[in-house]
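Please open the structure in your viewer and keep the selection tool at hand. We will walk from one stop to the next.

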Amino acid sequence: PGEPDPAAAAAIVERQPEVDWAQPNYLRRMRSTPNDPEFSSQWNLTTLDMPRAWDINPGADSAITIAVIDTGITAVTQTFDFRLWTGSRFETVSIPFRANPDISPARILPGRDFVFWDGPVLDMDGHGSHVSGTALQETNNGFGLAGVAYSAKLLPLKGTASKGLAFT
């Protein structure tokens with residue numbers, strides 16, 4: 001079990017004169033628990049028994065598209081200038097946005113913002129990013145959290161306005 005290269009070990013054993021053939025005996029571990037460091041805090045995925053579900057279907061596949069209709073998801077790392085009401089007047093404010101580093105941009109399809117503008121879908125609230133991450137976050141990459149359908153594609157649709165922001 002501790003051998004880092006089972007195929008190489010089998011090749012060495014097979015060269016012994018008393019051995020007719022040798023091959024690795026791979027052990028399948030059921031209940032695939034992701035190696036993402038924050039998976040243990042995702043009580044919801046444990047409650048859903050996702051490790052057992054991932055044994056049957058590991059993370060969907062790229063032919064599956066999940067549309068999330070929420071406050072959007074930020075798929076670009078960029079700063080945008082917006083005119084905002086700052087409490088006493090309207091001002092142009094530069095607001096930086098950062099894409100979730102635990103969802104591959106290649107898996108995010110061009111979405112649509114039905115609420116705010118014709119630019120890229122931006123999540124100004126965080127809820128849409130949270131929901132999208134729960135569904136599609138990269139899994140077994142030793143980083144961050146785990147996602148239910150971590151091989152599927154995402155179609156972000158912003159259909160809910162953010163709270164507390166006034167734009168002109």
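## A tour by selection

Start with asparagine 140, which is partly exposed at a relative accessible area of 40% (buried means under 20%, exposed over 50% and partly exposed in between, with a 1.4 Å probe and protein chains only). Before going on, note that this is a predicted model, in which local features need pLDDT of at least 70 and side-chain atom pairs count only at pLDDT 80 or more, while totals for chains, interfaces and linings use all residues. Residues are numbered from 1 along each chain as its sequence is written, and side-chain values use heavy atoms, leaving out hydrogens and water.

Asparagine 140 sits in the loop between H4 and E5 (helices, H or I of at least four residues, and strands, E of at least two, are DSSP runs numbered from the N terminus). Its phi is near 65°, a positive value in a residue other than glycine. Most residues other than glycine have a negative phi.

Now select alanine 60, in the loop between helix H3 (50–56) and strand E1 (65–70). Alanine 60 also has a positive phi, about 60°, although it is not a glycine. Alanine 60 is partly exposed, with a relative accessible area of 22%.

Next, pick phenylalanine 143, in the loop between H4 and strand E5 (153–158). What does phenylalanine 143 touch, not counting residues up to four places away in sequence? Show Asp36, Pro37, Pro101 and Asp102 to see these contacts (heavy atoms within 4.5 Å). Phenylalanine 143 counts as partly exposed, at 42% relative accessibility.

For the aromatic stop, a search of the whole structure finds 10 aromatic pairs (Phe, Tyr and Trp rings, the six-membered one for Trp, with centres within 6.5 Å; planes under 30 degrees apart are stacked, over 60 edge-to-face, and the rest tilted). Select phenylalanine 80 and tryptophan 117: their ring centres are 5.4 Å apart and their planes stand at 80°, so this pair is edge-to-face. Phenylalanine 80 is in strand E2 (residues 78–85), and tryptophan 117, 37 residues apart from it, is in the loop between strand E4 (112–113) and helix H4 (127–136). Phenylalanine 80 is buried at 10%, whereas tryptophan 117 is partly exposed at 26%.

Finish at the largest nonpolar core, which has 9 residues, among them Val68, Ile73, Ile108, Leu136 and Leu154 (a core is a set of buried Ala, Val, Leu, Ile, Met, Phe, Trp, Tyr and Cys residues joined through side-chain atoms within 4.5 Å). Centre on leucine 154: its contacts, not counting residues up to four places away in sequence, include Ile66, Arg107 and Ser132.
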